[in-house]
Amino acid sequence: MQLHWHRRDLRVTDNPALTGDDHVLPVFVHDPAILAYGAPPVVSFLLDALDSLREQYRKRGGELLLARGDPSAVLPDLAAACDADAVTWNRDYSGLATERDRAVTAALADADVGVEQFDGILLHEPESIKPNDGSHYSVFSYFWRQWRNLEKATPVAAPVRGDVVDPRDSLDEEWLDESSDAAGPLPSLADLGFDEPESDVQPAGTDVAHDLLADFREDTIYRYGDDRDYPAREATSRLSPHLKFGTVGVRTVWKDTEDAAATASNGEARESVEAFRRMLAWREFYAHVLDARPDVVTENYREFPNEIQWRDDPEGLQAWKDGETGYPLVDAGMRQLRAEGWIHNRVRMVAAAFLTKDLLVDWREGYDWYRRKLADHDTANGAGGWQWAASTGTDAPPYFRVFNPASQGERYDPDGEYVREYIPELRDAPTDAIHEWPTLDDEKRVAIAPDYPAPIVDHGERRERAIAAFEAARGDG
Ligand SMILES: Cc1cc2nc3c(=O)[nH]c(=O)nc-3n(C[C@H](O)[C@H](O)[C@H](O)COP(=O)(O)OP(=O)(O)OC[C@H]3O[C@@H](n4cnc5c(N)ncnc54)[C@H](O)[C@@H]3O)c2cc1C
């Protein structure tokens, strides 16, 4: 018998690690070292996903075993208790995950238990896409060309009834009572030390993920290319937390893009499918970067001769977190984050650029806030996105190209629909006033929306200040 250790692959279909000939006993371990980086929205999504995974196993006559503790202690103990000869898992890429897996492999080797690692989280592993010097790609367009041309594996079927073992048949009651939550209720957020999230986190689980994907593939994918940058058009897949926790497999998503491309009615629709595939490639690009440079979570990816002089601005930071900066698109995004545990990508970029350029607050502060509030928080994409916005990362825009939050609003939320949805104070404001808000005089602002704040900074001045700070860091100031 084998144990399968679920981590970021909370599904039974399209899971290459569940395809062996042996019987499998599935386990998830609540690991305090990983939970220390968790936050209510992400853990809430995780618990919901585990509930659904357990249902999937029950339908197949098995049961998901839930344990708590350090996996390098729990897994050898469990393997001995149920006489398993190997543990399987799907590879993960962060520094923390890699270190953990090394420790678990060593502990299992000491206990004479084998390890089999599978590739179930990405379409292409870091080793399969390398520039000539053998390092990693830091420019997306080169990565994309190689990634796109590689053949993609197809999803594998779920194990069938009888292949999955019920832990109650293999483990004695004492072990189950002491070491696991098998068959009992799932631990709650409070049991794991978390408060309830303030946001309405989107539902998890494989059925939900497959429904989302089916709807997207049916229709939205064909307008994704044109509409994905407009937050009010709801043209993106909303699959991010599912891809993070693997409640849908990326091979399944890819397969659906093939079906969508095959049934596209014209070239434009096919290009739209291709635009979506590019985003799947961005996810893999950042995973490869993280694999090569685990320090991108805490250190600038790019080296600067001098330190960037980030500002300590607690009031500005708080206004940003609260969606009270007086820049409507930024504020709508920050309020969407607190309401839904998710923000539209265009707005994530604009809000991140506002923090790191207009306020000149260190990107790590922003990364940390998103980590605490996003249900789709992902180390690779989060660090990649933040460093991109801060011009410290891979393929980042040059430091002198500073997003103008007002013109971004005018361009990507032309009717002010998105802003009105998240900022009730501006619900009755004319569209022009929303776009011109930062430059209106105080009297007009008070007449239109007395409860919505005036801009906390002058973008033009702050743009100059940011450019000067980056020039000084580069040594050309
Ligand atoms: C500052 C900042 C922080 C971010 N933090 C995260 C994060 O913690 N977790 C996260 O999953 N994404 C993050 N992103 C990327 C992106 O915003 C989200 O993946 C996307 O908005 C999720 O919505 P969706 O599933 O509807 O995306 P879709 O547009 O439908 O894209 C499909 C999938 O492709 C991937 N993807 C899309 N855009 C990107 C991107 N720019 N970079 C990497 N992968 C991408 C995601 O897995 C996404 O689910 C961040 C971006 C920025 C600018």
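Let's start at Met 279: one of its backbone N or O atoms lies 3.4 Å from an oxygen atom of the ligand. Keep in mind that this is a predicted model, where local features need pLDDT of at least 70, side-chain atom pairs count only at pLDDT 80 or more, and totals for chains, interfaces and linings use all residues. Residues are numbered from 1 along each chain as its sequence is written, and side-chain values use heavy atoms, with hydrogens and water left out.

Here are some polar contacts (pairs of N or O atoms within 3.5 Å):

| Residue atom | Distance to a ligand oxygen atom |
|---|---|
| Tyr 224, polar side-chain atom | 2.5 Å |
| Ser 240, polar backbone atom | 3.0 Å |

On its own the ligand exposes 820 Å², and the protein buries 96% of that (Shrake-Rupley areas, 1.4 Å probe).

Who's in the shell? There are 28 residues around the ligand, with Tyr 224, Thr 236, Ser 237, Arg 238 and Asn 345 coming nearest (near is a heavy atom within 4 Å). By class, that's 15 nonpolar, eight polar and five charged residues, with Gly counted as polar and Tyr as nonpolar.

Helix α12 (DSSP H or I run, at least four residues) gives the largest share of the shell, six residues. Domain 2 (122-155 + 206-292) and domain 3 (314-472) both contribute shell residues, so the ligand lies between them; the bounds come from an automatic or database domain assignment.

Note on methods. Polar contact = N/O pair within 3.5 Å; in protein donor to acceptor, adjacent residues only side chain to side chain. Helix = DSSP H or I, 4+ residues; strand = E, 2+ residues; numbered from the N terminus.
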